[in-house]
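I opened my notebook and looked up one structure, entry by entry. Here is what I wrote down.

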Amino acid sequence: MRRALGTRGCCWALLLLPPLLLPAAGASPHRPRLQPGGRSGSLAAADTACKNRPLDLVFIIDSSRSVRPEEFEKVKIFLSEMIDTLDVGERTTRVAVMNYASTVKVEFPLRTYFDKASMKEAISHIKPLSAGTMTGLAIQTAMDEVFTEEMGTRPATFNIPKVVIVVTDGRPQDQVQDVAASARTAGIEIYAVGVDRADMQSLRVMASEPLDEHVFYVETYGVIEKLTSKFRETFCAVNVCALGTHDCEQVCVSNGRTYLCDCYEGYTLNPDKRTCSAVDMCAPGRHECDQICVSNNTSYVCECYEGYTLNPDKKTCSAVDMCAPGRHDCEQVCMRDDLFYTCDCYQGYTLNPDKKTCSRAITSSLVTTEESCKCEAIAALQDSVTSRLEALSTKLDEVSEKLQAYQGRQQVV
């Protein structure tokens, strides 16, 4: 399939890709760079195809005359390596490839191949178209002729993301801004890759938001394959937690393309959202203890006040009978007094000073008998004395009378 347009000019390679901006140290903020280097850690960690979410993915590659034959071969290698990283298939990710210059050719639509070998074989036979850089026309063709159910795009009810990756090395020669806006409005996510002399402003106008996740730049086609690992991270939703590249102190929770930090039970996340601090499990509102909470490292246990016992639920408390067997130390009688108790003794016993044990009250009984005997003796003695005093008083009266009689006779004489 071709669409012709007579304009000639600079070239673009357009791939509808996932977003990413790769600024190099010291590079201009308007031209982010990807420096040459080894394979990325995430790609090296998993050489097999990722289990990415299903996509309807369309590559749009610029093959205008500014792209030398050996550079175009680099682009084809990049496409093959991208396919190697994807989980392609009829029910997983479907892939289409478009080739453009002043005309547009659909090399194969989404419905044609569902295995990697067939896709890579078809890519190996793609030939450059040479003249012009009609990027807007290429995107419009993708909407009209590729993203249709007849060409293999899955129905909207399937909620399969539509993704385009554009690769270019120049400035588009048509009105790409309006066409790209229409594509984005139609639900197509656009990633733009610029090479060498690519116009960064045009890339930004074309790509989806956020731009720092949807715009890429490399200095030469010789290093374009280095982008494979970056797209892998985006398409495969690489589990940063599993790779160990996160900075969470305790728990890493994967959240799509990013992650969140969490903490073990008994810890709380600090304001830096990375580190954790132990919490007081016995703080108000954190425990379920009825009476006493005892912190136990990262947990807690419940206890009860004196006079209460912990119920089987290990949380609530019930009052206990302090005089129940085994709960008191009274020798004879335990007398409950609310939550406490006092000791007493049986009749005939007295409580010892320790307030617990009892002794038989023998000494106290003997003293009482002796005191009783003494009282009777005293009473008898008092009666005896009284009788004798009365007898003596009578005799004194008789003597007094006799003395008075004697004195009277003396006076007469």
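**Overview**

I started with burial: of the 413 residues of the protein chain, 40% count as buried. Buried means under 20% relative accessible area, exposed means over 50%, and partly exposed lies in between (1.4 Å probe, protein chains only). I noted that this is a predicted model, where local features need pLDDT of at least 70, side-chain atom pairs count only at pLDDT 80 or more, and totals for chains, interfaces and linings use all residues. Residues are numbered from 1 along each chain as its sequence is written, and side-chain values use heavy atoms, with hydrogens and water left out.

Next I looked up the secondary structure: the protein chain has 9 helices and 19 strands. Helices (H or I, at least four residues) and strands (E, at least two) are DSSP runs, numbered from the N terminus. I then checked contacts, meaning heavy atoms within 4.5 Å. Among contacts with a separation of 6 or more, 65% are between residues 24 or more positions apart.

I followed helix α2, residues 69-85. It has 17 residues and reaches 25 Å from its first C-alpha to its last, close to the 24 Å expected at 1.5 Å a residue. The expected span is 1.5 Å times one less than the number of residues. Its buried residues include Phe78, Met82 and Thr85.

Which residues does Thr228 touch, not counting residues up to four places away in sequence? I found Phe78, Glu81, Met82 and Thr85. Thr228 itself is in helix α7 (residues 228-235). It is buried, at a relative accessible area of 4%. Its side chain makes a polar contact with the side chain of Glu81 at 3.4 Å. A polar contact is a pair of N or O atoms within 3.5 Å; within protein, one must be able to donate a hydrogen and the other to accept it, and residues adjacent in sequence count only if both atoms are side-chain atoms.

**Arg154**

Is Arg154 buried or exposed? I read 7% relative accessibility, so Arg154 counts as buried. Arg154 sits in the loop between α4 and β5 (162-168). Its side chain reaches the backbone oxygen of Leu55 at 2.9 Å. The backbone oxygen of Thr92 also lies 2.9 Å from a polar atom of that side chain. Beyond four places in sequence, the contacts of Arg154 include Pro54, Asp56, Glu90 and Ile160.

**Salt bridges**

Side chains of opposite charge can pair when their charged atoms come close. I counted 13 salt bridges. The rule is a side-chain nitrogen of Lys or Arg within 4 Å of a carboxyl oxygen of Asp or Glu.

I looked at Arg197 and Asp169, whose closest N and O atoms are 3.8 Å apart. Arg197 lies in the loop between β6 (188-195) and α6 (200-206), and Asp169 in the loop between β5 and α5 (176-185), so the pair ties together parts that are 28 residues apart in sequence. Arg197 is partly exposed at 49%, whereas Asp169 is buried at 3%.

I also found Arg274 and Asp272 in a salt bridge (3.9 Å, N to O). Arg274 is partly exposed at 33%, and Asp272 is partly exposed at 34%. Elsewhere, salt bridges that share partners join Asp169, Asp196 and Arg197 into one network.
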